[in-house]
Amino acid sequence: MIKITKIQKITVALTLAVLLCSGCTDKTQPATSDAVQTSKPETTAKSIDEIYQEITQTVTLQSPACMDEDFISNYYGIDVATLSEYVFSMSEDAAQAETIIILKAEKSEDLETLSSCLQTVVDEKKNEMENYIPEQFAIVEKSKVQTKSNYVWLVISENAETITDIIENNLS
């Protein structure tokens with residue numbers, strides 16, 4: 001009968017553990033010689049839909065409803081053909097001013113027109129809320145149309161700062 005000592009058992013167990021774990025290493029990374037390679041993580045812009053999803057996962061929105069191209073074209077004069085992507089979300093609750101609009105223009109020349117259209121949204125919300133719902137009017141009054149690269153956006157929300165940070169951090 002062969003006797004296996006405690007040390008031999010531990011040695012076999014450790015060897016097996018090393019062999020099993022070696023199968024878990026990332027083989028997609030090239031082997032480096034004597035130099036340590038460091039690289040910046042690639043930051044790619046998220047799509048507007050992905051940004052909006054992050055917003056909805058981070059803050060609670062008041063009855064959000066995404067408007068279709070007919071609505072934004074008919075009510076706010078935004079030509080969707082000038083956009084490469086967009087989210088146009090407004091609260092379905094008439095007592096809530098909450099609005100999140102993110103537009104990406106195909107051409108930078110369209111940014112001024114798009115900004116003007118979003119300013120119309122602000123002006124209309126102010127008119128709706130001013131004499132009826134003062135706390136919502138105050139939220140609208142703090143909002144502003146913003147641009148970066150080919151993007152233009154408007155955030156009307158109690159959580160405007162958080163939402164704006166999410167937008168700015170995820171644009172190219």
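1. Contacts and model basis. Residues 24 or more positions apart account for 56% of the chain's contacts with a separation of 6 or more, a contact being heavy atoms within 4.5 Å. The model is predicted, with local features needing pLDDT of at least 70 and side-chain atom pairs counted only at pLDDT 80 or more, whereas totals for chains, interfaces and linings use all residues. Residues are numbered from 1 along each chain as its sequence is written, and side-chain values use heavy atoms, with hydrogens and water left out.

2. Of the 172 residues in the chain, 33% are buried. The classes used here are buried for under 20% relative accessible area, exposed for over 50%, and partly exposed in between, with a 1.4 Å probe and protein chains only.

3. Largest nonpolar core. A nonpolar core is a set of buried Ala, Val, Leu, Ile, Met, Phe, Trp, Tyr and Cys residues joined through side-chain atoms within 4.5 Å. The largest one holds 27 residues, and Ile78, Phe88 and Leu103 touch the most other members. At least two residues of this core come from each of α3, β2 (83-91), β3 (99-105), α4, α5 (134-142) and β5 (151-156). Helix α4 provides the largest share, 7 residues. As general background, nonpolar side chains in soluble globular proteins tend to be buried together.

4. Phenylalanine 88 and the second core. Leaving aside neighbours within four places in sequence, phenylalanine 88 is in contact with Ala65, Cys66, Met67, Phe71, Ile72, Tyr76, Ile78, Ile100, Ile101 and Val121. A second, separate core has 16 residues, among them Ile100, Ile102, Trp153 and Ile163.

5. Salt bridges. The whole structure contains 2 salt bridges, each defined as a side-chain nitrogen of Lys or Arg within 4 Å of a carboxyl oxygen of Asp or Glu. One joins glutamate 54 and lysine 46, with an N to O distance of 2.7 Å. Glutamate 54 is partly exposed at 24% relative accessibility, and lysine 46 is also partly exposed, at 30%. Glutamate 128 and lysine 125 form a salt bridge at 3.9 Å, N to O. Both of these residues belong to helix α4 (residues 111-129) and are 3 residues apart, about one turn of the helix. An α-helix has 3.6 residues a turn, so residues three or four places apart point the same way. Within this pair, glutamate 128 is partly exposed, with a relative accessible area of 40%, whereas lysine 125 is buried, with 6%.

6. Ends of helix α3. Glycine 77 follows α3 and has a positive phi, near 70 degrees.

7. Most residues other than glycine have a negative phi. Serine 63 has a positive phi, near 50 degrees; serine 63 lies in the loop between α2 (48-58) and β1 (64-66) and is partly exposed at 36% relative accessibility. Serine 149 likewise has a positive phi, near 55 degrees. The position of serine 149 is in the loop between β4 (145-148) and β5, and its relative accessibility of 48% counts as partly exposed.

8. Serine 157. This residue is in the loop between β5 and α6 and is buried, with a relative accessible area of 8%. The side chain of serine 157 makes a polar contact with the side chain of glutamate 98 at 2.7 Å. A polar contact is a pair of N or O atoms within 3.5 Å; within protein, one must be able to donate a hydrogen and the other to accept it, and residues adjacent in sequence count only if both atoms are side-chain atoms. Not counting residues up to four places away in sequence, serine 157 touches Glu98, Ile139 and Ile163.

9. Largest pocket. The lining of the largest pocket includes Ile139, Lys142, Val155, Ser157 and Thr164. At least two lining residues come from each of α5, β5 and α6 (160-170). On a 1 Å grid over the protein atoms alone, a pocket is an open set of points where a 1.4 Å probe fits, with protein on both sides within 12 Å along at least five of seven lines, and lining residues have an atom within 4 Å of a point. The pocket's volume is about 190 Å³, taken as the space filled by probe spheres set on the points, which are joined across faces, edges and corners.

Notes. Helices (H or I, at least four residues) and strands (E, at least two) are DSSP runs, numbered from the N terminus.
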